[in-house]
Amino acid sequence: MTLQVAIMYAVAGLLGLAGIVLLGLLTRPQGPAAVYVYRMTGIMALAASVVLAFSATAMWQWSLEA
């Protein structure tokens with residue numbers, strides 16, 4: 001595994017953790033604006049982490065074949 005792939009996995013993990021925390025904040029009573037912001041930001045962070053992890057895996061597999 002190259003350094004770039006490891007960094008991509010680390011950033012994906014941080015984004016995933018941030019998304020989970022933001023969605024976890026929805027368990028407390030919040031105003032409608034806060035619910036919207038936490039939900040949208042949390043889902044986007046989780047989606048970004050999944051896409052980045054997929055990209056890191058593809059990059060890692062590609063580097064093994066070359």
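View 1. S49 is a residue of helix α2, shown here in a predicted model. With a relative accessibility of 9%, S49 falls in the buried class, for which the relative accessible area must be under 20%. Once its neighbours within four places in sequence are set aside, the residues in contact with S49 are A12, L15 and G16. A polar atom of the S49 side chain also lies 2.7 Å from the backbone oxygen of L46.

**View 2. L52, a partly exposed residue of helix α2.** L52, like S49, belongs to helix α2, but its relative accessible area of 22% places L52 in the partly exposed class, which covers values between the 20% limit for buried residues and the 50% limit for exposed ones. When residues up to four places away in sequence are not counted, L52 touches M8, V11 and A12. In the direction of R28, which is 24 residues away from L52 along the chain, the separation between the two C-alpha atoms is 29 Å.

**View 3. A nonpolar patch on the surface that includes M44.** The patch is formed by Y36, V37, M40 and M44, which together present about 410 Å² of accessible area. M44 is found in helix α2, the helix that runs over residues 32-65. For the chain as a whole, the accessible surface comes to about 4,600 Å², and carbon and sulfur atoms account for 76% of that surface.

**View 4. The chain as the setting for the close-ups.** The C-alpha trace spans about 50 × 15 × 15 Å along its principal axes. Of the 66 residues in the chain, 15% are buried, and S49 is one of the residues that count as buried. Among contacts in the chain with a separation of 6 or more, 64% come from residues 24 or more positions apart.

Terms used
Residues numbered from 1 in each chain as written. Predicted model: local features only at pLDDT ≥ 70, side-chain atom pairs only at ≥ 80, totals over all residues. Heavy atoms only, no water. Patch = residues over 30% accessible without salt bridge, like charges linked within 9 Å, V, L, I, M, F, W, Y side chains within 5 Å. Areas by Shrake-Rupley, 256 points an atom, 1.4 Å probe, with all protein chains shown as cover. Salt bridge = Lys/Arg side-chain N within 4 Å of Asp/Glu carboxyl O. Helix = DSSP H or I, 4+ residues; strand = E, 2+ residues; numbered from the N terminus. Buried < 20%, exposed > 50% of the residue type's maximum accessible area, 1.4 Å probe, protein only. Contact = heavy atoms within 4.5 Å. Polar contact = N/O pair within 3.5 Å; in protein donor to acceptor, adjacent residues only side chain to side chain.
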